[in-house]
Amino acid sequence: MSELGRLLRWYPEVWRSRYGEELEALLEDELAGRPPSRRLRLSLAFAGLRERAHAAALVGGEAPPTERARAGVLVVLGAWSAFILAGASYEKLAEHFAGALPAAHRSVPQSAFDVVVGAAVLAGVLSVLGVALSGPAFARSLRSGAWPALRRHVVRAGAVTALALAGVAALVPWAHGLTSAQRNGGDASYGAAFLTVAACGAVGLALWSRAAMAAYRRLTLHRRTAVVVSALAVGVAAAMMAATVNTAIWWGQVALHAPWFLHGTASGTPGSALDPQLALTAVVMLLAVVASLYGVVRIGRSWVDLRRSTG
Amino acid sequence: MKTRGHSAHPTDGVGGSRRPAPRGCISLSLSLSLSLATDAVPRPPVPQYSVLRNYALRSSVRVVPAGRRSHGDPTLLILTSLAGGPKHGHALSKDIETFAGVRLGPGTLYGAITRLEGRGLIEPVASTDRRRPYRLTGAGSTALADAVADLHKVAVVGATRLGLSLGSPA
């Protein structure tokens, strides 16, 4: 592949097969033998990614409304996957927080924590319902030959998940032989192993999400099912938002009444409420909420357009 | 007052609400939504000045200083260029730079070509060359005529209220 041809790798394959040669010829004319500048490379990368987003119906209005709604659902699904990771991190950080708070100031953060857990459970249930509703369409798509396209996604996700499970199986007996302090940062080798297994789990979740997205793209859903799945996605987005707001409330309350809990020092020790891990967790939650809201807007607009076009 | 179809030409001068406009010329950087002409849903007849509402809801109207002016919608520039005859990518880019003073990057140009072809406003001309030319379709001509008429209305209202005459494109 020529150097100019390599610049077009950001574009989707289908687009390249239609316009690739023309764009390459244009670049040859514009550059007249000069090497492409960094600005041109960046511009082409951005344009290529934009074409990918168009091809996935994530932006623009050229795709049919049902495809745009489907893309919106997929954005919410992707955001939910990221949110699960952030939620797991939050759950670990918040372990035993109630014991660190004075009894008089426990009710608000406890309620906020309960809402976070409730919202996460609700979003999980809605996701499972969405999967169940899509089940018959998924079976139809497998029967009509979708498996070869999905196989590599499933194999990759399965392999990483098996690795993560093997890691958990090895960590459990190890953890039983350690004290609480050793398990929570006192033992460097255990900490490294735990992080590796957690990273495997995170990658596994991301790969399963990718597999689910690839499968969902190939489904032919009945209109009613598509509407219900879209509504479930909106519900998941709302649950994520509720969980994020309540995480912020919890953080504020704990920072106010027991800041030592956030930086893991002895009770009564003053200190900053800005725990880096909690901050990162909150940022991931917030980004997931923003992405899911984009998905919800995409779903909403698509259904309005569909309704208009069908009278 | 002398008016022309596509009067919002970048070489016509500078206009803006926050800085004094030079006498005798006006220039708005307008971005039109050309999907209007190709919407699947038939639109009801639009009242007078609907074009302004359209700008507010679906488009961007920006007034920018001379030298840093950029048209928001490359699709309008491409349609305008193709109205002069079929052109391939490089010829389009050069023509647009000549008549509008705007240099479209290759990614932007082909992004707009993709969208215009997808909407059926332009079509490729049969060619064995890698430099494939494009031409306007009937729908493309209609969309461009609508867009030019809308631009004209705004330019006329703006020029009338400022007491200016619309300059001719260079």
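Reply:
**A helix and its cover**

Helix 4, helix 10 and helix 11 (259-262) of chain A are among the elements that cover the buried residues of helix 12 of chain A. Helices here are DSSP runs of H or I with at least four residues, strands are runs of E with at least two, and both are numbered from the N terminus. A residue is buried if 20 or more other C-beta atoms lie within 10 Å of its own, exposed if 12 or fewer do, and partly exposed in between, with the C-beta atoms placed from the backbone. Two residues are in contact if their C-beta atoms, placed from the backbone, lie within 7 Å.

The model is predicted, so local features need pLDDT of at least 70 and side-chain atom pairs count only at pLDDT 80 or more, while totals for chains, interfaces and linings use all residues. Residues are numbered from 1 along each chain as its sequence is written, and chains are lettered from A and ligands numbered from 1 in the order in which they are written.

Helix 12 of chain A covers residues 276-309. Its 34 residues should span 50 Å at 1.5 Å a residue, and the end C-alpha atoms are 49 Å apart, which agrees. The expected span is 1.5 Å times one less than the number of residues. The buried residues of helix 12 of chain A include Leu278(A), Thr281(A), Met285(A), Ala288(A), Val289(A) and Ser292(A). An α-helix has 3.6 residues a turn, so residues three or four places apart point the same way.

Helix 6 runs over residues 107-143, has 37 residues and reaches 53 Å from its first C-alpha to its last, close to the 54 Å expected. Among its buried residues are Pro109(A), Phe113(A), Val116(A), Leu126(A) and Gly130(A). The buried residues of helix 6 pack against helix 4 (65-93), helix 5 (97-100), helix 9 (188-217) and helix 10 (223-257) of chain A. Helix 6 has a kink of about 45° at Gly135(A), shortly before the proline Pro136(A). The bend at a residue is the angle between axes fitted to the seven residues ending there and the seven starting there. Just after helix 6, Gly145(A) takes a positive phi of about 95°.

Positive phi also turns up in two loops of chain A. Most residues other than glycine have a negative phi. Ala32(A) has a phi near 50° and lies in the loop between helix 2 (13-31) and helix 3 (38-55) of chain A. With 6 C-beta neighbours inside 10 Å, Ala32(A) counts as exposed. His96(A) has a phi near 60° and is found in the loop between helix 4 and helix 5 of chain A. His96(A) is exposed, with 8 other C-beta atoms within 10 Å.

For chain A as a whole, there are 12 helices and zero strands. Its C-alpha trace spans about 70 × 55 × 35 Å along the principal axes, and 29% of its 311 residues count as buried. Among contacts between residues at least 6 apart in sequence in chain A, 80% join residues at least 24 apart. The domain assignment gives domain 1 (3-51), domain 2 (68-144 + 218-309) and domain 3 (147-204), with bounds that come from an automatic or database domain assignment. The centres of domain 1 and domain 2 of chain A, taken over C-alpha atoms, are 38 Å apart.

Chain A touches chain B. The contact takes 19 residues from chain A and 18 residues from chain B. On the side of chain B, helix 3 and helix 4 (106-118) are the elements that give two or more residues, and helix 4 of chain B gives the most, with eight residues. Leu109(B) lies in helix 4 of chain B and is buried, with 23 other C-beta atoms within 10 Å. Leaving aside neighbours within four places in sequence, Leu109(B) is in contact with residues including Pro74(B), Gly89(B) and Leu92(B). Chain B itself has five helices and four strands, and 33% of its 170 residues are buried.
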